[in-house]
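Subject: Structure handover

Hello,

I am passing this structure on to you. Please open it alongside this email and look up each residue as you read.

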Amino acid sequence: MYLVGAGPGDPGLITWRGVQCLRRADAVLFDYLTNPTLLAHAPAGAERICLGRHGRERIWSQQEINAQLVALAQQGKCVVRLKGGDPAVFARLSEEVAALKAAGIGHEVVPGITAALAAGSYAGISLTERGRASAVAFVTGHEQDDKDAPAIDFAALAAFRGTLVVYMGVTTAADWTGALIDAGKPAETPAAIVRRCTWPDQQTIHCTLGAVGERIAEAHLRPPVVTIIGDVAAVADAKNWFTERPLFGQRVLITRPHCQASGLWDRLSELGAHCLLQPAIEIEPPSDWSAVDAALARLAEFDWLVFSSANGVEFFLGRLWESGRDLRALGPIKIAAIGPATAEALEQFHLHADLTPDEFRAESLAEALLDAAVKNASKPRLLLVRANRGREVLAETLTAAGCKVEQVVAYQSIDVETPDPEIAALLQHGRIDWITVTSSAIARSLARLFGDDLRRAKLASISPITTATLRELGHEPTAEAREYTMDGIVEAIRVALLAASSGTR
């Protein structure tokens, strides 16, 4: 049994030990404070149990959680209890540990970054600013009604010459702020209210202790919130590194297949975007490998092996290995890749592309191949590795020029039939800012999935070819990548936002 701190929200802030525990889990129990993307670290077959979300599902009681932890462990499962923040800070750790001990179940506690520490770093507030605070106190804003121990000593806290950080104080803000002021804490004491710290929609409100309750009510804030009280809040950096990132506050929908989304997700997240995932297509192996196997057996007959996607590389060369052969089977054959992503996929198999065009599209690849292949053979033989659907321009251009061309389908691109209801609702209500469109197949699938609701967000196209498809479907992209790569589409969004911002000044 592992009791793991998930950190304050940013999935990159979980510890490496926490990731290790998730990777071996048979079951994961997680609360609403946990970023759900962390669940991707768990095996695909692991049971994922949400313990309730405010406003959507009933929140499990602590007794129910304890019982479930014990029951799963007694079934012999490796269980991870994923808790927001740090398990030992206002997270009822001792109650869960007591239940496990009573049942004779061994456990490990994995620390996490607690919200107070993250709020300071991500809101530009040094909790122990030199000359202003030499101590920090973590305080609950919501005391247990039947608690046997004495209530909070507000007089001691009011006299505390350091920084106070109040957890869980949204609904009781008027009570605890009033109690501090009544105990002698000046109402003018600087304060900072930080909601959803480290999340892409983090909010920070600067005010005074006496105004905390009013500001929470005005902004209709809901948990999770921590409030930082003390002189350090007065010197907070209004333009801190986190909120000044170029895509901060932008909600971006990634539409690539699950297996390919991480690269684009990471690039966008690093620039501050709040990423969501709704695959428009999924990538699968061919239903019948016989054509690929036959092509692999005849590799010696070809002068060039041509890949038009990274997927083709992974499936075709993966099948080569599964067939009992290795890279020696390629012999003297030359290899062409349509772009840098495809070339990088080849490098994972310790292969360098002999040819990559300057412009990453089929027309440019065909032109470069003709220039290179015809020089060395009067009628070069090329094997094109492709998906079950796509443009025929590469094969048609090469064939028309006198090349002997064969094609083999190494993977299938399958349309997703039904969107995630939560994603569909967000789009319908205009709560998605950008949608990435990284292929014509994805463009067509998105149009089927969302119809006119696709107009409620800005579209970022990866290339002129994809843009043309969008226009055929009646959708005009707001941004188009100059370099037809994942980095290019991220840069296109950044430039479009910069231009829009400059235009409003």
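Below are the notes on what was found.

This is a predicted model, in which local features need pLDDT of at least 70 and side-chain atom pairs count only at pLDDT 80 or more, while totals for chains, interfaces and linings use all residues. Residues are numbered from 1 along each chain as its sequence is written, and side-chain values use heavy atoms, with hydrogens and water left out.

The sheet

Helices (H or I, at least four residues) and strands (E, at least two) are DSSP runs, numbered from the N terminus. Two strands pair if DSSP finds at least two bridges between them. An open sheet is built from five strands in the order β12-β11-β18-β19-β20, with parallel pairing. The edges are β12 (274-277) and β20 (479-480); each has a single partner strand, so one side of each has no neighbour in the sheet. β20 runs parallel to β19 (residues 458-461), and two bridges join them. In one of these strands, β20, Ala 479 is the bridge partner of Ala 460. Helix α8 (residues 261-270) packs on the sheet and touches β11 (251-254), β12 and β18 (434-437); contact here means heavy atoms within 4.5 Å. The direction of α8 makes about 160 degrees with that of β12. Axes are lines fitted to C-alpha atoms, for helices over the stretch in contact, and angles run from 0 to 180 degrees between N-to-C directions.

Salt bridges

A salt bridge is a side-chain nitrogen of Lys or Arg within 4 Å of a carboxyl oxygen of Asp or Glu. The whole structure has 26 salt bridges. One of them joins Asp 31 and Arg 81, with the closest N and O atoms 3.6 Å apart. Asp 31 is in the loop between β2 (27-30) and β3 (47-50), while Arg 81 is in strand β4 (residues 79-84), so the pair links distant parts of the chain, 50 residues apart. Asp 31 and Arg 81 are both buried. For accessibility, buried means under 20% relative accessible area, exposed over 50%, and partly exposed in between (1.4 Å probe, protein chains only).

Arg 386 and Glu 392 also form a salt bridge, at 2.9 Å from N to O. Arg 386 is buried, with a relative accessible area of 11%, whereas Glu 392 is partly exposed at 32%.

A further salt bridge, at 2.7 Å from N to O, joins Arg 494 and Glu 491. Both residues lie in helix α17 (residues 486-503), three residues apart, which is about one turn of the helix. Arg 494 is partly exposed, with a relative accessible area of 27%, and Glu 491 is partly exposed at 37%. Elsewhere, salt bridges that share partners join Asp 31, Arg 81, Lys 83 and Glu 96 into one network.

Aromatic rings

Rings of Phe, Tyr and Trp (its six-membered ring) pair if their centres lie within 6.5 Å; planes under 30 degrees apart count as stacked, over 60 as edge-to-face and the rest as tilted. There are eight aromatic pairs in the structure. Why is the pair of Tyr 122 and Trp 241 edge-to-face? The ring centres are 4.8 Å apart and the planes stand at 65 degrees, so the pair is edge-to-face. Tyr 122 is in helix α4 (residues 115-122) and Trp 241 is in the loop between β10 (225-229) and β11, so the pair ties together parts that are 119 residues apart in sequence. Tyr 122 is buried, with a relative accessible area of 9%, but Trp 241 is partly exposed at 48%.

Backbone

Pro 223 and Pro 224 are joined by a cis peptide bond, with omega about 5 degrees. Pro 224 is in the loop between α7 (212-218) and β10.

Met 168 is not a glycine, yet its phi is positive, near 50 degrees. Met 168 is in the loop between β7 (163-167) and α6 (173-182) and is partly exposed, with a relative accessible area of 41%.

His 350, also not a glycine, has a positive phi of about 60 degrees. Its place is the loop between α11 (340-347) and α12 (362-376), and His 350 is exposed at 72% relative accessibility.

Regards
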